[in-house]
There are 2 protein chains.
Amino acid sequence: MAVGDIPFPTMPALDGVRLGTAAAGIKKPGQRDLVVIELPETASVAGVFTRNAFCAAPVHVAKAHLAACREQGKAPRYWLINTGNANAGTGEQGMHDARESCRVLAEHVGAQPHEVLPFSTGVIGEPLPMEALLAGIAPALDARACHAAAWEQAARGIVTTDTRIKGASVDVPVGAQRVTLNGIAKGSGMIRPDMATMLGFVVTDAEIAPALLDRLLCEAVEHSFNCITVDSDTSTNDACLLAATGCGASITRDADVQAFAAGLQQVLVSLAQAIIRDGEGATKFVTLDVVGATARQEALDVAFTVAHSPLVKTALYASDANWGRILAAVGRAPVADFDVERVTIDLDEVRLVEGGGRASDYTEAAGSAVMAREDITIRIDLGRGDAQATVWTSDLSHEYVSINADYRS
Amino acid sequence: MAVGDIPFPTMPALDGVRLGTAAAGIKKPGQRDLVVIELPETASVAGVFTRNAFCAAPVHVAKAHLAACREQGKAPRYWLINTGNANAGTGEQGMHDARESCRVLAEHVGAQPHEVLPFSTGVIGEPLPMEALLAGIAPALDARACHAAAWEQAARGIVTTDTRIKGASVDVPVGAQRVTLNGIAKGSGMIRPDMATMLGFVVTDAEIAPALLDRLLCEAVEHSFNCITVDSDTSTNDACLLAATGCGASITRDADVQAFAAGLQQVLVSLAQAIIRDGEGATKFVTLDVVGATARQEALDVAFTVAHSPLVKTALYASDANWGRILAAVGRAPVADFDVERVTIDLDEVRLVEGGGRASDYTEAAGSAVMAREDITIRIDLGRGDAQATVWTSDLSHEYVSINADYRS
């Protein structure tokens, strides 16, 4: 089940970037579950990671390796991603396994272990099946290619409970030239801000200094992956990486930085929305626009309170215009001195709430007509300021329960 | 569906306290949906109410009437409760309707309108069916009685999606005498702290000064109704009332206050737990004991983060010892400087997590044996202080989705 029809884009090849995928037997026999992404020596790389205190071993190792490369003015040229096992909650053994997989890959390609970044996703708390994983590295390296099919196979090689693969590609003009951004991502459950449970890998052929790359990635994540929620759970393994190969146009002028930032945000929002559309058991894609707040954080607080409400989510699933549940969720959001008289709530073009209660011209028929749609926008105007935030979420269905009650079996 | 077997207790009659119930046709034809509780003139009354900003009209009116009585040194002697309609999100009309129902009841009994407190629960956002409600007041008054059956009928007359009625009764020694506390409550969904979506009515024959009654009620609610969650939603209508009729022993000595406070907490915890055991779609009753925190609020934050996690709740539903989800939820709790190495997590007698990962002697068989139980305690030791908190919750099942996707139909 997934909401809307989003085809996987055709990703253009990027100079010096190769992707290789293998079926290592970590997930299920015959399924692609190991991916290597190779970058040229000229690349710079930025990353943001989960803030879960129990973050997984590969997150620790990837952060340390990225920092070590930065110190040497090098790029972490190899990204090694496995699905089927998160290597989280695995203690010292997990740290050892993450480092060992980097070491083995580095040995194959003649690099230093810290030039390899490890990423894992899947079940938490089981030891990484090292024999299978290590045996899969050579086949994945052998499969390295730069064409569109390699991107698509890599997108397939990182998914867990996803029902479809997720990619986005945009072109950005830079002076007389153009640069490309290719992104792939995975994620459909344990999704919420502070990175959603997701892995995202974005590569551009632009040339961008590391400090600028860091800033651009943080800002874009703040308005994309940090604005989605399926079920309010933040994973132990979230990571979003951005590499600039440096083979194409250089991004330094303010206008180019702005254009690139917009393109990057477009890619990340596309991937973030694709994750929500593929949210576990999702039958609806819901945009929460909160405006009129005194601060962005206040708008986010209200949006997430509504987005996390099981009662709102089950009403969406039932296509039931039970707007009282939205009102009740807004009313319990952590907002000081809340004047409910000034709040308006709209469901697409239909006004639900004004003056502290049901809008005077609201009809059940109008509300039900909107709730029957697959794509719905809930717009909440707090009437107290100029700040706003947008959050995307899905509904809570029987299939969500089935998927998560049966995941390990 | 409900967890465990809890019979409704036999409530002793309390001097001057009468309860009358009617089927007014507000909920469904023939179902009890209107309750009047009558107190003697000597009573003192305390109340705590929802903190939802969109609080319902009856909450506004009940608070105002309670305050007006206090000012006059009187008790609000009549509590009028309807189920089937929450009179929330109903604007000015809702305020008028709540006041009008008080006025009509007052007229019947020769009291002032502010001596009547209104309470409503049910669907949000629909106008209160005033004709039916007002017509039900006389039959409810005619049915007033003090015997155990009247308490049981009142408990039945306030429920919504509850699958069973909820009551608790305890005796507390006061010097050579004894005082009794009788409590009834309703609630099974839209349940979380800041009162859970619930109504609770507790009456004792003790004599207690209003200021002391306020304090005792607040403290007991803090450790009972504010420590439960089914689905993280706080209702617009929550209220818990405590009346001391003043017909029995006087509570003034410290030792008696302590004994009474313990009895009151026992009643409220029993009612709160009964609400969780009857949580919408509940198949498990889960106690979250968080210890070793630096402050009670920190312990509550961790407990509620785990209790609200849909992934933990679906794993509980599936009886799946997917302890990684518990670890991930603890890891994303809002705790500063979290040292995961010091955290231990136990499922009843089985140690799941220590040293930042799976406990060394943990076995899947041991975890699964605990998860198969109906009553489960998850104990989380943060290892950083002496504060603790206990929270009770239920699991997330297919039936929860069914109940809330179909509630209005």
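How many salt bridges does the structure hold over all chains? The total is 39 salt bridges, counted over all chains of this predicted model.

**Salt bridges**

Side chains of opposite charge can pair when their charged atoms come close.

| Residue | Partner | Closest N and O atoms |
|---|---|---|
| A:Glu38 | A:Arg144 | 2.6 Å |
| A:Glu126 | B:Arg358 | 4.0 Å |

The pair of A:Glu38 and A:Arg144 links distant parts of the chain, the two residues being 106 residues apart. A:Glu38 belongs to strand E2 (residues 34-38) of chain A, while A:Arg144 sits in the loop between helix H3 (130-142) and helix H4 (148-157) of chain A.

**Contact between the chains**

The salt bridge of A:Glu126 with B:Arg358 joins chain A to chain B, and the count between chain B and chain A is one salt bridge. Between chain B and chain A there are also six residue pairs in polar contact, both residues at pLDDT 80 or more. On the side of chain B that touches chain A, the elements giving two or more residues are helix H8 (310-317), helix H9 (323-331), strand E14 (357-358) and helix H11 (398-406) of chain B. H9(B) gives the most to that side of chain B, with eight residues. By residue class, the side of chain B that touches chain A has 25 nonpolar, 20 polar and ten charged residues.

In the contact, chain B takes part with 55 residues and chain A with 55 residues. The size of an interface is often given as the accessible area lost when the parts come together. For chain B and chain A the buried area is about 4,400 Å², and carbon and sulfur atoms give 59% of that area.

**The five-stranded sheet of chain B**

Chain B has an open sheet of five strands in the order E3-E10-E8-E7-E6, with mixed pairing. Its edge strands are strand E3 (44-49) and strand E6 (166-174) of chain B, each of which pairs on one side only. From one strand to the next, the twist averages 15°. Helix H6 (residues 254-277) of chain B packs on this sheet and touches E6, E7, strand E8 (199-204) and strand E10 (239-244) of chain B. The direction of that helix makes about 170° with that of E6(B).

E6(B) and strand E7 (residues 177-186) of chain B run antiparallel and are joined by nine bridges. B:Asp171 stands opposite B:Thr180 in E7(B).

Strand E12 (residues 344-347) and strand E15 (residues 375-381) of chain A run antiparallel, with four bridges between them. A:Thr344 stands opposite A:Asp381 in E15(A).

Methods
Residues numbered from 1 in each chain as written. Chains lettered and ligands numbered in written order. Predicted model: local features only at pLDDT ≥ 70, side-chain atom pairs only at ≥ 80, totals over all residues. Heavy atoms only, no water. Pairing = 2+ DSSP bridges. Axes fitted to C-alpha atoms, helices over the stretch in contact; angles between N-to-C directions. Contact = heavy atoms within 4.5 Å. Buried area = accessible area lost by both parts, 1.4 Å probe. Salt bridge = Lys/Arg side-chain N within 4 Å of Asp/Glu carboxyl O. Polar contact = N/O pair within 3.5 Å; in protein donor to acceptor, adjacent residues only side chain to side chain. Nonpolar A, V, L, I, M, F, W, Y, C, P; charged D, E, K, R; others polar.
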